[in-house]
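Here is a friendly note to read alongside the model, one point at a time. Keep the 3D view open and find each residue as it comes up.

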Amino acid sequence: MATYLLAHDLGTSGNKATLYSSDGALIKNVTHSYPLHTFNGNCAEQNPLDWWQAVCNSTKELVADINPADIAAISFSGQMMGCVCVDKSGDPVRDALIWADMRSTEQEAVIRAQMPVQDFYHITGHRPSPSYSATKLMWVREHEPENYKNTYKMLNAKDFIILKLTGRFVTEPSDASSTCLMELDTQTWSEDMLSLCGIQKDKMPEIISSVAVAGNVTEEAARMCGLLAGTPVVCGGGDGVCAAVGTGAVVENRANLCLGTSSWISYASKTAVYDEEMQIFNFAHIVPGYIMPCGTMQTGGGSLSWAYEQLATFAKNKNTIDKPATYKAICDAVERSPVGAKGLVYLPYLMGERSPRWNAEAKGAFVGLTMDHTTGDMFRAVMEGVAMNLSIILETYRKSGAAIDRLVAIGGGVRNEIWRQILADVLGVHMDVPNYLEEATSMGAAITAGVGAGVFRDFNVIEKFLHNEYAYSPDLTKKDRYDELKAIFDECYQQLVHIDSKLHSFAQKRT
């Protein structure tokens, strides 16, 4: 009789539920969406009960054709850096402030005024930011004191679903590290951070291992989800960390590149990376004893999507355009463009930048345009510009002592064969492209379920799930050319910082 692992990936737009067999086969997946409420330009909220309903609906759909008794365990990946306030009964006190909510800028300023940023960085692994949970809960306390008073525990998205399934108020290190209230080195709630933020420790849930069985499905939850009461529920982790597990980044220096709308490079490390410029941030890993240093840029794959929409389909009927043919024509044109796109540099800062620049006012730009440049050159410059930015992140890891010469690449952008080779050449790494490009996150959660429930001995079982379909090696004949271009790329950014700030102020004054 088959043994199944059920993984839920609680994203921003919906919950993706995936059923895997214990031998690594993807059996079926379904997605149920839920609304996102954005307002006032910087507020983003969701109703946690919408997440729960999506989990119930997707679970029922997945188990309809199997015996629920064959599910060995359930686990989760979920959106991180949220603020889910629940009362003692486990009911939401208010809608959740999700990762995209940036309203707590005043609270971030308070933290920066009271603690040196370097100290904050070395305690939490992060820079202060309104994107993290701590400032969001501070905002609730200061603007909604009654809601804060009624908050028994602050959770993250997957923690709330664990609560609904098991009745337990728990979290685990990867999500706890996204609150900026956990001391990264000890993986315990930081008395210094709690005191600084004015948050009572008893409002935080217990931190248990990512592979711990948080509890078992209750009778009530079983009726609502179609599961068998008593099924083990394993904690899992944050979505980015689960994705790392799904690429095999479960042993030291094993690294991955995700080329989605936003893009990042992360790897498994025994220690955190605290670089002098604080370019890199750190999450606790799902794999016990490991940290996941990470550098995330805002618009990696998003840069190419923007270029396609603006340069390839401008003034055309988007309902009738032959997108596959247009995309192929673009790739053919990129292939005809030489290394360095005839001296054209693209700065990929269409939404400001996180790592490595940490500059919300940074702007995208083409630098060096001439009458000789073609659409193919512009698209090549976009691909090279994203790769240049990612190379700064990778070099920071290498300076810290990480011996990274190979990446497993996932995400929609990796479907582009030309971009794969450009990335290998610019980054100077061997690049493996696995059989699953969009399933790494749910795969990571499923493997965590299997390890937690004792189905798998350890995370090395990823080799049963993941198989590399393509491999790319850097073309060393292009190294000198790209090294020269990297220096120009960095200088272009530095020279435009002041101008970007002026443009940002100018844009804010428009009516």
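1. Rings of Phe, Tyr and Trp (its six-membered ring) pair if their centres lie within 6.5 Å; planes under 30 degrees apart count as stacked, over 60 as edge-to-face and the rest as tilted. With this rule the count is 10 aromatic pairs.

2. Before going on, please keep in mind that this is a predicted model, in which local features need pLDDT of at least 70 and side-chain atom pairs count only at pLDDT 80 or more, while totals for chains, interfaces and linings use all residues. Residues are numbered from 1 along each chain as its sequence is written, and side-chain values use heavy atoms, with hydrogens and water left out.

3. How are the rings of Tyr 121 and Tyr 274 arranged? Their centres are 5.5 Å apart and their planes stand at 80°, so this pair is edge-to-face. Tyr 121 belongs to helix α3 (residues 117-124), and Tyr 274 to the loop between β18 (263-267) and β19 (281-284), so the pair ties together parts that are 153 residues apart in sequence. (Helices, H or I with at least four residues, and strands, E with at least two, are DSSP runs numbered from the N terminus.) Tyr 121 is buried, at 0% relative accessibility, whereas Tyr 274 is partly exposed at 24%. Here buried means under 20% relative accessible area, exposed over 50%, and partly exposed in between (1.4 Å probe, protein chains only).

4. Tyr 349 and Tyr 493 also make an edge-to-face pair, with 5.5 Å from centre to centre and 70° between the planes. Tyr 349 is in the loop between β21 (345-347) and β22 (365-367), while Tyr 493 is in helix α17 (residues 479-508), so parts 144 residues apart in sequence are tied together. Both Tyr 349 and Tyr 493 are buried.

5. Now look for charges over rings. The charged end of Lys 153 sits over the ring of Tyr 152, 4.9 Å from its centre, and that of Arg 420 sits over the ring of Tyr 470, at 4.7 Å from its centre. The rule asks for NZ of Lys or CZ of Arg within 6 Å of the ring centre and within 35 degrees of the ring normal.

6. Is Met 351 buried or exposed? At 56% relative accessibility, Met 351 counts as exposed, and its place is in the loop between β21 and β22.

7. Helix α6 (residues 157-166) is mostly covered, with nine of its 10 residues buried. After α6 comes Gly 167, which has a positive phi, near 85°.

8. How many disulfides does a search of the whole structure find? The answer is zero, where a disulfide is a pair of cysteine sulfur atoms within 2.5 Å. The sulfur of Cys 180 has its closest cysteine sulfur in Cys 197, 8.5 Å away, which is too far for a bond. Cys 180 is buried, with a relative accessible area of 1%. Cys 258 is in no disulfide either, as the nearest cysteine sulfur, in Cys 294, is 9.4 Å away. At 10% relative accessibility, Cys 258 is buried.
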